[in-house]
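These are my notes from going through one model, entry by entry.

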Amino acid sequence: MHRLVAFVVLCAAGLASAKDTSVRSTEWQGRIIGGMNAASGQFPYQVSLTASYQHFCGGAIIGDYWILTAGHCLINRQPADVIAVVGALTSAHGGFNYDVQQFIVHPNFNEWTQQNDVALVRTRRAMHFNTAVFPVKMARTYTPANRAVLASGWGLKSLTIAKPADVLQYVALRTISNDDCSQRFHSLQNRVVTPSNLCTFSRTAQGTCMGDSGSPLVSDGELVGLVSWGIPCAVGYPDVYVRVSSFRAWITAITGVY
């Protein structure tokens, strides 16, 4: 995964990085810690975005040509260099490859603060849907606190081993309110939790230091979030997501997907 060394250093630094108010956005990108192996077909909407045959971010299928991911995943990348892998259970092989035709990053994405951290990926040809490849419905309403959610992705399984998971991982989490989330980050001056964010926190050593950046967060079969940022890795701080319902109108206007 890209910037893997940076993640390991930050995980080892732990709480010390919480006090560094000059940390760049690339150092906040998420990975999954403390999860379980997924079963074949359990997350048919899961996408692995790859470059040079290496996974670098996750995404969620929302339409036959369209994948939703985090905006920061696409910075300094070109569509021609990226392949979307769908229907895979392992990161090393399997699944179906689709060339990418276009990136559309939200026009108000702020790389420094990670606000509006959402983007669309359009594949060159339509994805073929089956039991292993199928889109997820986007949430229409605001997701409240204390909602059971599932995060999935290929990420680090351990804070001490700098190696991505071989098998797709998932973890059960709980949402918390944005007020609670903001309070837990009160010492950080360059990180703001906005209404278009969604936060989860269950316990230390579990969270989206397990879910690749851009990977989906789902509740009751609906896509409610995309992994955006957090303090690596699962050291007692919430994980912060793009709140999908906040961007539904923008997504629909471009893709026609409801």
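**Entry 1: serine 196**

I began with a side-chain contact: serine 196 and threonine 194 are joined by a polar contact of 3.0 Å between their side chains. The model is a predicted one, and I keep that in mind for every value below.

I then looked up where serine 196 sits. I found serine 196 in the loop between α2 (178-184) and β12 (197-200). Is serine 196 buried or exposed? Its relative accessibility is 15%, so I noted serine 196 as buried, since buried means under 20%.

Which residues does serine 196 touch, apart from those up to four places away in sequence? I listed Tyr241, Val242, Arg243, Ser246 and Phe247.

**Entry 2: confidence**

I checked the confidence before going further. The protein chain has a mean pLDDT of 82, and 76% of its residues reach 70 or more. For residues 1-31 the pLDDT is below 50, although this stretch has 82 contacts in the model beyond near neighbours in sequence. Where pLDDT is low, the predicted coordinates should not be read in detail.

**Entry 3: the barrel**

I traced a closed barrel of six strands in the order β3-β4-β5-β8-β7-β6, and its pairing is antiparallel. On average, neighbouring strands of this sheet are turned by 45° against each other, direction ignored.

I looked at one pair of its strands. Strand β4 (residues 54-61) and strand β5 (residues 66-69) run antiparallel and are joined by two bridges. Isoleucine 61 has isoleucine 67 in β5 as its bridge partner.

**Entry 4: helix α3**

I looked up what packs on this sheet. Helix α3 (residues 248-255) does, touching β5, β7 (96-105) and β8 (119-123). The direction of α3 makes about 25° with that of β8.

Which residues of α3 are buried? I wrote down Arg248, Trp250, Ile251, Thr252 and Thr255. The cover over these buried residues includes β5, β7, β8 and β9 (137-138). After α3 comes glycine 256, which has a positive phi near 80°.

I turned to strand β15 (residues 222-230). Eight of its nine residues are buried, so I describe β15 as mostly covered.

I went through the partners of β15 in turn.

- β9 pairs with β15 in the parallel sense over two bridges, and methionine 138 stands opposite leucine 223 in β15.
- Strand β14 (residues 216-219) runs antiparallel to β15, with four bridges joining them. Here valine 218 stands opposite leucine 223.
- Strand β16 (residues 239-243) pairs with β15 in the antiparallel sense over five bridges. Tryptophan 229 has valine 240 in β16 as its bridge partner.

I also checked the turn of the hairpin formed by β14 and β15. Two residues lie between the strands, and aspartate 220 takes a positive phi near 50° in this hairpin.

**Entry 5: from β14 to β10 and β11**

I followed β14 to another partner. β10 and β14 pair in the antiparallel sense over two bridges, with leucine 150 opposite valine 218. Strand β10 (residues 148-153) also pairs with strand β11 (residues 169-176), again antiparallel, over six bridges. In β11, leucine 150 has alanine 172 as its bridge partner.

**Entry 6: aromatic rings**

How many aromatic pairs does the structure hold? I noted five. I looked up two of them.

Phenylalanine 43 and tyrosine 45 form an edge-to-face pair, 6.1 Å centre to centre with 85° between the planes. Phenylalanine 43 counts as buried because its relative accessible area is 8%. Tyrosine 45 is buried too, at 9% relative accessibility. Phe43, Tyr45 and Tyr170 form one aromatic cluster.

Phenylalanine 185 and tryptophan 229 form a tilted pair, 5.0 Å centre to centre with 45° between the planes. This pair links distant parts of the chain, 44 residues apart: phenylalanine 185 is in the loop between α2 and β12, and tryptophan 229 is in strand β15. I noted phenylalanine 185 as buried because its relative accessible area is 2%. Tryptophan 229 also counts as buried, at 2% relative accessibility.

Note on methods
Residues are numbered from 1 along each chain as its sequence is written. Side-chain values use heavy atoms; hydrogens and water are left out. Buried means under 20% relative accessible area, exposed over 50%, partly exposed in between (1.4 Å probe, protein chains only). A polar contact is a pair of N or O atoms within 3.5 Å; within protein, one must be able to donate a hydrogen and the other to accept it, and residues adjacent in sequence count only if both atoms are side-chain atoms. Contact means heavy atoms within 4.5 Å. Two strands pair if DSSP finds at least two bridges between them. Axes are lines fitted to C-alpha atoms, for helices over the stretch in contact, and angles run from 0 to 180 degrees between N-to-C directions. pLDDT is the predictor's confidence in each residue, from 0 to 100. Rings of Phe, Tyr and Trp (its six-membered ring) pair if their centres lie within 6.5 Å; planes under 30 degrees apart count as stacked, over 60 as edge-to-face and the rest as tilted.
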